[in-house]
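This report goes through the structure shown below, beginning with a single loop residue and moving on to the sheets, a helix and the nonpolar cores.

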Amino acid sequence: MNKHGKFDCDSFYNKYKFVNVRLWDLYNKGKITQKELREDRFVKTLTGLGLEPHELPQGISEAYTDMCPTKTAVFPFTYEVLDYLQPKYGLHIVTNGFKEVQHIKMSSSKLHNYFKEIITSECCGYKKPDRRMFEHLLDKLEVKPEHCLMIGDNYECDVEGARAAGIDQVYFNPAQVKGRKRPKPTYEINCLSELKAIL
């Protein structure tokens with residue numbers, strides 16, 4: 001908040017990121033619902049920045065949900081790496097993200113044609129890191145875990161979940177975050193281009 005009682009974009013972004021990460025963690029652990037996640041992230045962010053509940057913009061959550069999947073930004077080297085991987089491997093998505101936005105996201109980012117299966121937690125009934133979500137995909141593809149590699153940017157959901165299902169893991173850690181003491185993933189990378197050295 002500044003001296004005029006307003007907050008700037010950086011303050012909003014930092015607060016939103018803090019709140020959103022924690023709410024997603026609760027959602028992934030089954031402690032809150034999809035509806036609570038979507039509603040609470042803006043309520044907690046804006047009240048945390050000093051707004052009163054009656055001052056919150058009406059419809060902000062719905063507007064964000066409609067707009068967010070249409071964003072087209074991707075990590076550096078995304079398309080180059082996918083062009084390299086696609087002829088060699090079957091590529092699939094395993095996500096706790098919401099079903100209705102995943103296909104919009106993929107299409108807006110021009111990623112849809114790279115992936116064969118998109119498995120969401122809503123479709124299979126389990127959330128990462130539950131090993132049963134990974135096993136659902138393995139059964140669907142009729143492949144063994146030792147023939148797969150999970151690439152993900154969430155250590156708890158992606159690395160721990162894949163490890164529990166017997167799948168090797170690539171932890172994509174572009175911010176080079178140092179977590180608490182925990183087992184090392186099979187591989188750790190900071191840039192997607194490093195996948196070429198692994199695959």
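Asn 190 sits in the loop that runs between β5 and α9. The model is a predicted one. The relative accessibility of Asn 190 is 32%, so this residue counts as partly exposed; the class lies between the cut-offs of 20% for buried and 50% for exposed.

Not counting residues up to four places away in sequence, Asn 190 touches Phe 172, Asn 173, Pro 174 and Gln 176. Thr 33 is 157 residues away from Asn 190 along the chain, and the C-alpha atoms of the two are separated by 32 Å.

## The three-stranded sheet

Strand β5 belongs to an open sheet of three strands, ordered β3-β4-β5 with parallel pairing. β3 (149–152) and β5 (187–189) are the edge strands; each has a single partner strand, so one side of each is left without a neighbour in the sheet. From one strand to the next the twist averages 20°.

The parallel pairing of β3 with β4 extends over four bridges. Within this part of the sheet, Ile 151 stands opposite Val 170 in β4. Helix α8 (residues 155–164) packs on the sheet and touches β3 and β4. The direction of α8 makes about 165° with that of β4.

## The β1-β2 pair and its crossover

Strands β1 (residues 92–95) and β2 (residues 117–120) run parallel and are joined by four bridges. Thr 95 has Thr 120 in β2 as its bridge partner. Between β1 and β2 the chain passes through helix α5 (residues 99–108), and this β-α-β crossover is right-handed.

Where does Thr 120 lie, and is it buried or exposed? Thr 120 is part of strand β2, and its relative accessibility of 2% means that it counts as buried, the limit being under 20%. Apart from neighbours within four places in sequence, Thr 120 is in contact with its bridge partner Thr 95.

## Helix α4 and its buried face

Helix α4 covers residues 78–85, and its buried residues are Thr 78, Val 81, Leu 82 and Leu 85. Viewed down the axis of α4, these buried residues fall within an arc of 100°, so they line one face of the helix. Among the elements that cover them is α9 (195–198).

With neighbours within four places in sequence left aside, Leu 82 is in contact with Pro 87, Leu 91, Leu 111, Tyr 114 and Phe 115.

In soluble globular proteins, nonpolar side chains tend to be buried together. Here the largest nonpolar core has 15 residues, and those touching the most other members are Leu 82, Met 106, Leu 111, Phe 115 and Leu 195. Two or more residues of this core are given by each of α4 and β4 (168–172). Helix α4 supplies the largest share, three residues.

Definitions and conventions. Residues are numbered from 1 along each chain as its sequence is written. This is a predicted model: local features need pLDDT of at least 70, side-chain atom pairs count only at pLDDT 80 or more; totals for chains, interfaces and linings use all residues. Side-chain values use heavy atoms; hydrogens and water are left out. Buried means under 20% relative accessible area, exposed over 50%, partly exposed in between (1.4 Å probe, protein chains only). The arc is that of the directions from the helix axis to the C-beta atoms. Contact means heavy atoms within 4.5 Å. A nonpolar core is a set of buried Ala, Val, Leu, Ile, Met, Phe, Trp, Tyr and Cys residues joined through side-chain atoms within 4.5 Å. Two strands pair if DSSP finds at least two bridges between them. Axes are lines fitted to C-alpha atoms, for helices over the stretch in contact, and angles run from 0 to 180 degrees between N-to-C directions. A crossover is right-handed if, with the strands pointing away from the viewer, the path from the first strand over the helix to the second runs clockwise.
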